[in-house]
Amino acid sequence: MTSSDFTTSTERPLLERVSVIANDRVLSGVSLVALHAPRVAATARPGNFVHLRITDRTDVLLRRPFSVHRATGDTVELLYQVLGPGTRLMAEMRVGDETDIIGPLGRGFSAPEDLAHALVVAGGLGAAPLGMLAERLSARGTAVTVALGAPNAERLVARETFESVARRVEVATDDGSAGHHGYVTELVERLIAEDTPGMVYACGPEPMSRTVAEIASAAGVRCEVSLERLMACGVGACLTCVVQTTEGLRRACKEGPVFDAAEVLW
């Protein structure tokens, strides 16, 4: 089986001036901003991220990293949770506002060229980097199964996006308000047993990703995980985003944020 990193761009990261096309709340505390960014949209791949300048204010000086949720045509979409001062300012962006982004950045997901079936596991806002992955896999003929987890039905992120491209979408909620009553990892174990995929992809809370990796390993299935780390520079210089791996310390912004789960020292 040959493998091609179908998400890795050969282009260097760009600094691109962008404008806001839309900035809408998709559920409580979570919004989606669409940016007119034709150059980054043309080169972004699933698993990549961009570094966004939110404001010129000195109290929010650093850029913020955001996974590319989707990149279609001239548009880049970013899912984000409104938590701190930066994302609160981001939620106030209006159509027509201008800023700039650096991207695409990071190592994206990979996929064997003959991948027939993939299992995509998203926990909460971990859906952010997985929307384009599911779309691109489906577009090239891979059957996609999605396991989507959240605390409750109101917190299921990007469900419509996944349902529009996946062969099968199963949900799990901690409170049982939708789908399986329990953790999404319990779904993963059953789904792999029912129809073993060629690859498993996961993003979400780190305990979830670790458990998914363990389940995939026990089943003999390769697994890739997208890991979240605090980032300052986003280009590999500051070393604030390191991940412990079997190959030593690796930078999430350069050697990640996508890693082979077997290499991560959880």
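Author: Let us begin with V212, which lies in helix α6 (residues 206-218); helices (H or I, at least four residues) and strands (E, at least two) are DSSP runs, numbered from the N terminus. The model is a predicted one, in which local features need pLDDT of at least 70 and side-chain atom pairs count only at pLDDT 80 or more, while totals for chains, interfaces and linings use all residues. Residues are numbered from 1 along each chain as its sequence is written, and side-chain values use heavy atoms, with hydrogens and water left out.

Reader: Why is V212 called buried?

Author: The relative accessible area of V212 is 1%. Buried means under 20% relative accessible area, exposed over 50%, and partly exposed in between (1.4 Å probe, protein chains only). The value for V212 is under the limit of 20%, so the residue counts as buried.

Reader: Which residues is V212 in contact with, leaving aside its neighbours within four places in sequence?

Author: They are V121, T185, V188, V200, A202 and C223, where contact means heavy atoms within 4.5 Å. For V188, 24 residues apart from V212 along the chain, the separation of the C-alpha atoms is 7.1 Å.

Reader: How do you know whether I192 is buried or exposed?

Author: I192 is found in helix α5 (residues 184-194). Its relative accessibility is 5%, so I192 falls under the cut-off and is buried. With neighbours within four places in sequence left aside, I192 is in contact with L119, P197, V200, I215, A216 and A219. The C-alpha atoms of I192 and I215 are separated by 8.5 Å, and the two residues are 23 apart along the chain.

Reader: What makes F66 and Y80 an aromatic pair, and why is it called edge-to-face?

Author: Rings of Phe, Tyr and Trp (its six-membered ring) pair if their centres lie within 6.5 Å; planes under 30 degrees apart count as stacked, over 60 as edge-to-face and the rest as tilted. F66 and Y80 are 6.3 Å centre to centre, with 70° between the planes. The distance is within the limit and the angle is over 60, so both parts of the name apply. F66 lies in strand β5 (residues 64-67) and Y80 in strand β7 (residues 75-81), so the pair ties together parts that are 14 residues apart in sequence. Both F66 and Y80 are buried.

Reader: How many aromatic pairs does the structure hold?

Author: It holds two. F109 and Y201 also form an edge-to-face pair, at 5.5 Å centre to centre and 90° between the planes. This pair links distant parts of the chain, 92 residues apart: F109 is in the loop between β8 (98-105) and β9 (111-112), and Y201 is in strand β14 (residues 199-203). F109 and Y201 are buried as well.

Reader: What makes a set of residues a nonpolar core?

Author: A nonpolar core is a set of buried Ala, Val, Leu, Ile, Met, Phe, Trp, Tyr and Cys residues joined through side-chain atoms within 4.5 Å. The largest such core has 31 residues, of which L130, L137, F162 and Y201 touch the most other members. At least two residues each come from β3 (30-36), β10 (117-123), α3, β11 and β14. The largest contribution, four residues, is from β11. Apart from this core lies another, of 30 residues, including A172, L187, V188 and C223.

Reader: Which residues of α3 are buried?

Author: G131, M132, L133, A134, E135 and L137 are buried in α3. They pack against β6 (70-72), β9, β10, β11, α4 (159-165) and β14. Just after α3, G141 takes a positive phi of about 100°.

Reader: Where does T142 lie, and how do you know that it is buried?

Author: T142 lies in the loop between α3 (131-139) and β11 (143-150). Its relative accessible area is 5%, so T142 too is under the limit for a buried residue. The side chain of T142 reaches the backbone oxygen of L115 at 2.8 Å.

Reader: How do you know that the radius of gyration agrees with that of a compact globule?

Author: The radius is taken over C-alpha atoms, and the globule rule is 2.2 Å times the number of residues to the power 0.38. For 266 residues the rule gives a value near 18 Å, and the protein has 18 Å, so the two agree.

Terms used
Polar contact = N/O pair within 3.5 Å; in protein donor to acceptor, adjacent residues only side chain to side chain.
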